[in-house]
Amino acid sequence: MAGDPDALRQLRPTRASMDAVLAHLGKGEHRQGARQFVEEVAMGPGTWGRLPAAVRETFVHNAPTWLDEQSDPGWAKTDTDALARCAAPVLLSGGMRSPVRSATILDRLAAALPRARRGTVEGAGHIPHVTHPRRYAAALTRFVRTS
């Protein structure tokens, strides 16, 4: 997404939320940062409370890694030449309710990967394998059987 004005424009509305999340994480407030990430960046209002406790703890546990990732100046760069050399079949999945920026990223990856197929999980958002595991597993099974 780096160097792509359209993609960066799509990201702008969530940038303030991401900055607030990063501020929490930078102060070691991993639970608050994880909750805000889930509610404002990744999955939408009210989602945190609906997630199973184990999933919430995974977000909290992984929060420092996301902070490190976002602190890397090259976090948004993608080597499309390397992707073009990928000979394996690839399923690019997302949910019907994923943020627009996610679809943009998947579109760019699909254009770069020669054997990519898109899969969309009905009713899901940013992480369909967590929120709709049966539908996701069915989509993945169909992909494996037909690839």
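**View 1. Ring pairs link F37, F59 and W66 into a cluster.** The model shown here is predicted, so that local features are given at pLDDT of at least 70 and side-chain atom pairs at pLDDT 80 or more, while totals for chains, interfaces and linings use all residues. Residues are numbered from 1 along each chain as its sequence is written, and side-chain values use heavy atoms, with hydrogens and water left out. Searching the whole structure gives two aromatic pairs, where rings of Phe, Tyr and Trp (its six-membered ring) pair if their centres lie within 6.5 Å, and planes under 30 degrees apart count as stacked, over 60 as edge-to-face and the rest as tilted. The pair of F37 and F59 is tilted, because the ring centres are 6.3 Å apart and the planes stand at 45 degrees. This pair links distant parts of the chain, with F37 in helix α2 and F59 in helix α4, 22 residues apart. F37 and W66 also form a tilted aromatic pair, with 4.9 Å from centre to centre and 55 degrees between the planes, and here F37 in helix α2 is joined to W66 in helix α4, 29 residues apart.

**View 2. Helix α2 packs against helix α4.** Helices (H or I, at least four residues) and strands (E, at least two) are DSSP runs, numbered from the N terminus. Helix α2 covers residues 30-42 and helix α4 residues 53-71, and the two pack at an angle of about 100 degrees with their axes 8 Å apart; axes are lines fitted to C-alpha atoms, for helices over the stretch in contact, and angles run from 0 to 180 degrees between N-to-C directions. That makes α2 roughly perpendicular to α4, a term for angles of 65 to 115 degrees, whereas those under 35 count as roughly parallel, those over 145 as roughly antiparallel and the rest as oblique. In this packing, H30, R31, A34, F37 and V38 of α2 meet E57, F59, V60, A63, P64 and W66 of α4, contact being heavy atoms within 4.5 Å. By class, the contact has eight nonpolar, one polar and two charged residues.

**View 3. F37 lies in helix α2 and is buried.** Buried means under 20% relative accessible area, exposed over 50%, and partly exposed in between (1.4 Å probe, protein chains only). F37 counts as buried because its relative accessibility is 15%, and W66 is buried with a relative accessible area of 17%. Leaving aside neighbours within four places in sequence, F37 is in contact with V21, A42, F59 and W66. The C-alpha atoms of F37 and M18, 19 residues apart along the chain, are separated by 7.0 Å.

**View 4. The largest nonpolar core has 18 residues.** Such a core is a set of buried Ala, Val, Leu, Ile, Met, Phe, Trp, Tyr and Cys residues joined through side-chain atoms within 4.5 Å. The residues with the most contacts inside it are F37, V38, M43, W48, L51, F59 and W66. Helices α1 (5-26), α2 and α4 each supply at least two residues of this core. Not counting residues up to four places away in sequence, V38 touches M43, G44, T47, W48, L51 and F59.

**View 5. H61 and A87 are exposed.** A87 lies in the loop between α5 (80-84) and β1 (90-95) and has 57% relative accessibility. From A87 to P114 there are 7.1 Å, C-alpha to C-alpha, and 27 residues in sequence.

Note on methods
Ala, Val, Leu, Ile, Met, Phe, Trp, Tyr, Cys and Pro count as nonpolar, Asp, Glu, Lys and Arg as charged, and the others, Gly among them, as polar.
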